[in-house]
Amino acid sequence: MPDAIEKTHLRFSQLECSSDEQLHYLFHELSELAAQEAEAPPTPETAQKFRVRWLGRQDSVISRITANWLKEAPPEAKKWVGQQLNWLRPILEDLASQSKKIAEAAALEAAAARDQIDLSLPGVTRPLGTQHLVRQTYEEMYRIFTSIGFSVVEGPEIETAYYNFEALNIPEHHPARDNMDTFYIANAPGYLLRTHTSPMQARTMEKQQPPVRIVVPGKVYRRDNPDATHSFVFHQLEGLAVDTDITFCDFKGTIEYFAKEFFGPQTRVRLRPSYFPFTEPSAEFDASCHVCDGKGCRTCKHSGWIEMFGAGMVNPAVYGFVNYDPKRYSGFAFGLGVDRLAMLKYGIDDLQQFFRNDVRFLSQFP
Ligand code: 2NL
């Protein structure tokens, strides 16, 4: 038995429909089949296919009923076919628009589910960085020195042997060059990585007559094997003050001011004789230990004192290299290791922590 849809391919005469009731039954079957088909959860595509199959202009159920049944029916049956057709058409229209609506709503819902934001998930945090502790220590030192009239001047890390040694009264074959363990640059004869920031002080004096009051920060390089207190690169701050009437008292007062600002007002200082080729006389400046206040502890290795500066009055021989009149001018100079002082001040026991970029270490000093 062909079903009602298949029968729409037949002409009216082939239906062998002898009564209005049979026709009614046929149309009813069509509406049932359409309702069944529309029952499956529709997609926008199946909804469109439903409309084309049942209501389309060409070769749809409705268009075939019109062509094969209505037009072919004898005059007395035309009325019944027409009535049934008018009954079926709005039912199909309803089913088609319902399917379309359901499909669109489902598509929207699916898209919303795809785009759903889970507000309970942890957010993407972009943590703000902090200044490296060496940088923070530099800033603190600049604050102290600029507050008493020093300027901050920077120079190149690749230097000539002349500025790194000669101009600082360290001639070739001078024993002071031995323990510097300098990095020379293989394909640039005469160039080296500076072993201290003093070359920039010599360059400044060359360009500018006194008064000079500068501090020179920067990385310096020496051929050291890394351990808890050594590194082939470390940070230095050197200072220089030259004028017509600078005395050893200015020198001591400046260093003492720095020590009290950096380690606290209770800090006392002491001087020990030392030697540097570019200062005469030379001294090591110690500060009373900020941890035990001079009583002796692990930090100061039970001496009560912490070595802070190498320093001295500028050796008049240096003035000869930079065209300063050694009879008119005098001055003092000092050098300190920034990493070392940061370690002492903040209780860090391993110099290498500064170079590891380990956030667990760095974030302890926000
Ligand atoms: C240290 C010792 C020092 C200087 C640096 C200097 C520079 C010029 C002239 C005279 Cl242009 N002196 N600098 C003086 C004494 C000591 O550094 O222990 N550095 C880590």
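Predicted model: local features only at pLDDT ≥ 70, side-chain atom pairs only at ≥ 80, totals over all residues.
**Entry 1: the β7/β8 pair**

I started with strands β7 (residues 279-288) and β8 (residues 305-314), which pair in the antiparallel sense over eight bridges. I picked out F285 and looked for its bridge partner in β8, which turned out to be F309.

Seven strands make it up, it is open, and the order I wrote down is β1-β4-β5-β9-β8-β7-β6. The pairing is mixed. Which strands stand at the edges? I found β1 (151-152) and β6 (269-276) there; each has a single partner strand, so one side of each is left without a neighbour in the sheet.

Then I checked what packs on the sheet. Helix α9 (residues 198-207) does, and I noted that α9 touches β4 (212-221), β5 (233-243) and β9 (330-337). The direction of α9 makes about 145° with that of β4. Helix α12 (residues 338-346) is another one I looked up: α12 lies across β5, β8 and β9 and runs at about 60° to β9.

**Entry 2: α6 against α12**

Back to α12, this time for its contact with helix α6 (residues 133-146). The axes of α6 and α12 come within 10 Å and cross at roughly 95°. That makes α6 roughly perpendicular to α12, because I am counting angles of 65 to 115 degrees as roughly perpendicular.

I also wanted to know which residues meet there. On the α6 side I wrote down L133, V134, T137 and Y138, and on the α12 side V338, D339, L341, A342 and Y346. Sorted by class, the residues of this contact come out as seven nonpolar, one polar and one charged.

**Entry 3: domains**

Last, I looked at how the chain is divided. I have domain 1 at 4-115 and domain 2 at 133-362. How far apart do the C-alpha centres of domain 1 and domain 2 lie? I noted 96 Å.

Key
Residues numbered from 1 in each chain as written. Pairing = 2+ DSSP bridges. Helix = DSSP H or I, 4+ residues; strand = E, 2+ residues; numbered from the N terminus. Contact = placed C-beta atoms within 7 Å. Axes fitted to C-alpha atoms, helices over the stretch in contact; angles between N-to-C directions. Parallel < 35°, antiparallel > 145°, perpendicular 65-115°, else oblique. Nonpolar A, V, L, I, M, F, W, Y, C, P; charged D, E, K, R; others polar. Domains from an automatic or database assignment.
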